[in-house]
Amino acid sequence: MNGEPAGIAYRIEDLAHHSGATVRTIRAYQDRGLLPRPERRGRANVYSDTHLARLRRIAGLLDRGYTLASIKELLEAWDAGRGLGGVLGLVAEVDGPWTDEEAARITRTELAERFGGGPDDAAVADAVELGVLERVPGQDDLYVVPSPQELAVAVELHGAGVPLSAISSHLRELRGQVEHIASRFLEFTTEHVFARYLGEHPPTDADAAEAASLVRRLRPLAQQTVDAELARAMRLFATRHLRRQLAAEQPPEQPQESSGVTIPAATLRAVERLVGADQAAAFIASAAEREVQKRTLDRLAANHRETAELDETT
């Protein structure tokens, strides 16, 4: 109640001021049955703390994406005594942070230091558009960093030589793919887990509390699954990419030159009887190579003996 005493009476203009809603909006809520009619005192309409609390509750649900029609059902359930505690707890669980990472603040000077003299105005505007940075109202030199990890990745990539424009383009592409994964995981869990809590009417307090507990349990599963699959895919594609690069750098093997040699038919038949017809060519080639090696060794030995005899005579 921001310090107002209990039981205070408001004119519609005062109620608008304290709630943040316009007079026109308050009257529209009354017409739609979202807000109780004011009390009539003489010639004036008087609103109470109950109206103020109801307006703030409506505003909170609108901020979380609820339509006025669904808000009306929730408020009717509340008025009927079913309670909103479990539902609002479920809303808070879903609407709360989905990561343990805490936002940080950074100045333009600190940004320049981390990016080695950059980023320029265009890069900062790009980061703000992507939500990597958020401007602080009234402080042009200060930014909120919702995900310090994401900013740290950009710093490392830029330090490795990746242009900031390329990093932004990659993030846009990646974000679309990740949002698709998130949507599919939500559809999957809704179909198999949360379908029983979804109906034409708001869930009971007990159902909403159970659903909120399931959200807490299942929340980390999406990230754990993506982490595991990303690690598997990165290893697979990095290994495949490295193999392709190494294969491209290796010179192709030069085919060995061959030439025909005439062998007496009797000799060839003797070799075939010895090792078989299919191994005859290999046997002859090996025998010839062995003879060449033997003669090379003999020549080296003879040269050594000649050198030794020459040393003895001098």
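## Helix crossing

A crossing is left-handed if the near helix is turned anticlockwise from the far one by less than a right angle, and right-handed if clockwise. The crossing of H1 and H3 is right-handed. This is a predicted model: local features need pLDDT of at least 70, side-chain atom pairs count only at pLDDT 80 or more, and totals for chains, interfaces and linings use all residues. Residues are numbered from 1 along each chain as its sequence is written, and side-chain values use heavy atoms, with hydrogens and water left out.

Helices are DSSP runs of H or I, at least four residues, numbered from the N terminus. H1 packs against helix H3 (residues 49-63) at an angle of about 40°, and their axes are 10 Å apart. H1 is therefore oblique to H3. Oblique covers what remains once angles under 35 degrees (roughly parallel), over 145 (roughly antiparallel) and 65 to 115 (roughly perpendicular) are set aside. Axes are lines fitted to C-alpha atoms, for helices over the stretch in contact, and angles run from 0 to 180 degrees between N-to-C directions.

Thr-22 sits in the loop between helix H1 (12-19) and helix H2 (23-31). Its relative accessible area is 44%, so Thr-22 is partly exposed. Buried means under 20%, exposed over 50%, and partly exposed in between (1.4 Å probe, protein chains only). The C-alpha atoms of Thr-22 and Ile-12 are separated by 9.2 Å.

## Salt bridges

Side chains of opposite charge can pair when their charged atoms come close. A salt bridge is a side-chain nitrogen of Lys or Arg within 4 Å of a carboxyl oxygen of Asp or Glu. By this rule there are eight.

Asp-126, Glu-129 and Arg-172 form a network of salt bridges. Asp-126 meets Arg-172 at 2.5 Å, N to O. Asp-126 lies in helix H7 (residues 121-130) and Arg-172 in helix H9 (residues 164-194), so this pair ties together parts 46 residues apart in sequence. Glu-129 meets Arg-172 at 3.4 Å.

## A nonpolar patch

Ile-181, Val-226, Leu-230 and Met-234 make a nonpolar surface patch of about 360 Å². Patch residues have over 30% relative accessible area and no salt bridge; like charges are joined within 9 Å, nonpolar side chains (Val, Leu, Ile, Met, Phe, Trp, Tyr) within 5 Å. Areas come from the Shrake-Rupley method with a 1.4 Å probe; for residues, only the protein chains shown count as cover.

Helix H10 (residues 205-249) gives the largest share, three residues. Met-234 is found in H10. Met-234 is exposed, at 52%.

How values were computed:
Helices (H or I, at least four residues) and strands (E, at least two) are DSSP runs, numbered from the N terminus.
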